[in-house]
Amino acid sequence: MTVQMTEARFEELVSEALDLIPAELARAIDNVVVLVEDRDPEEPGLLGLYHGIALTERDSHYGGSLPDTITIYREALLDICDSEEQVIEEVAITVIHEVAHYFGIEEERLHQLGWG
């Protein structure tokens, strides 16, 4: 059964998940926007998506680029959860997972680390 949650509460959970990032890493995040949308139109079950150029891939041509985006998909996350506590956990995992992509950590490594 899908958990019911207001958009405002969900956005609050995303903000709280971002606060879990250690300060030294958070200071290294630059030119990134975090968005909340209902669903990815092409992949409705997708929980989150990082779109941009990972920090490890940036070079001198990166300057002046539009911000990278991290999108967290509210309805997809709510669909897989049975309680608000589970939503809190899944939002944190998804946010950390997508931020890790910004730092150049690939999917396979994230799964090895338990953030898959």
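I began with the largest pocket of this predicted model and noted that H4 gives the most to its lining, with 6 residues.

**Entry 1: the pocket**

I recorded a volume of about 160 Å³ for the largest pocket. The pocket is lined by 15 residues, and Gly48, Thr94, His97, Glu98 and Glu107 are the closest to its centre. I then looked up the elements that give two or more residues to this lining: strand S2 (48–51), helix H4 (84–102) and helix H5 (107–112). By residue class, I found 6 nonpolar, 6 polar and 3 charged residues in the lining of the largest pocket.

**Entry 2: the salt bridges**

I next turned to charged pairs and found a count of 7 salt bridges. One of them joins the side chains of arginine 74 and aspartate 38, at 3.0 Å from N to O. Arginine 74 belongs to helix H3 (residues 74–79) and aspartate 38 to the loop between strand S1 (32–37) and S2, so the pair ties together parts that are 36 residues apart in sequence. I noted arginine 74 as buried, at 10% relative accessibility, and aspartate 38 as partly exposed, with a relative accessible area of 35%.

I also looked up arginine 39, which forms a salt bridge with glutamate 75; their closest N and O atoms are 3.3 Å apart. Arginine 39 lies in the loop between S1 and S2, whereas glutamate 75 lies in helix H3, so this pair too ties together parts that are 36 residues apart in sequence. Arginine 39 is partly exposed at 30% relative accessibility, and glutamate 75 is partly exposed at 28%.

**Entry 3: the network**

Glutamate 75 also meets arginine 74 in a salt bridge, at 3.9 Å from N to O. Through shared partners, I traced one network of salt bridges that joins Glu7, Asp38, Arg39, Arg74, Glu75 and Asp79.

Methods. Residues numbered from 1 in each chain as written. Predicted model: local features only at pLDDT ≥ 70, side-chain atom pairs only at ≥ 80, totals over all residues. Heavy atoms only, no water. 1 Å grid on protein atoms, 1.4 Å probe; cavity = no way out; pocket = protein on both sides within 12 Å on 5 of 7 lines; lining within 4 Å. Points joined across faces, edges and corners; volume = space filled by probe spheres on them. Helix = DSSP H or I, 4+ residues; strand = E, 2+ residues; numbered from the N terminus. Nonpolar A, V, L, I, M, F, W, Y, C, P; charged D, E, K, R; others polar. Salt bridge = Lys/Arg side-chain N within 4 Å of Asp/Glu carboxyl O. Buried < 20%, exposed > 50% of the residue type's maximum accessible area, 1.4 Å probe, protein only.
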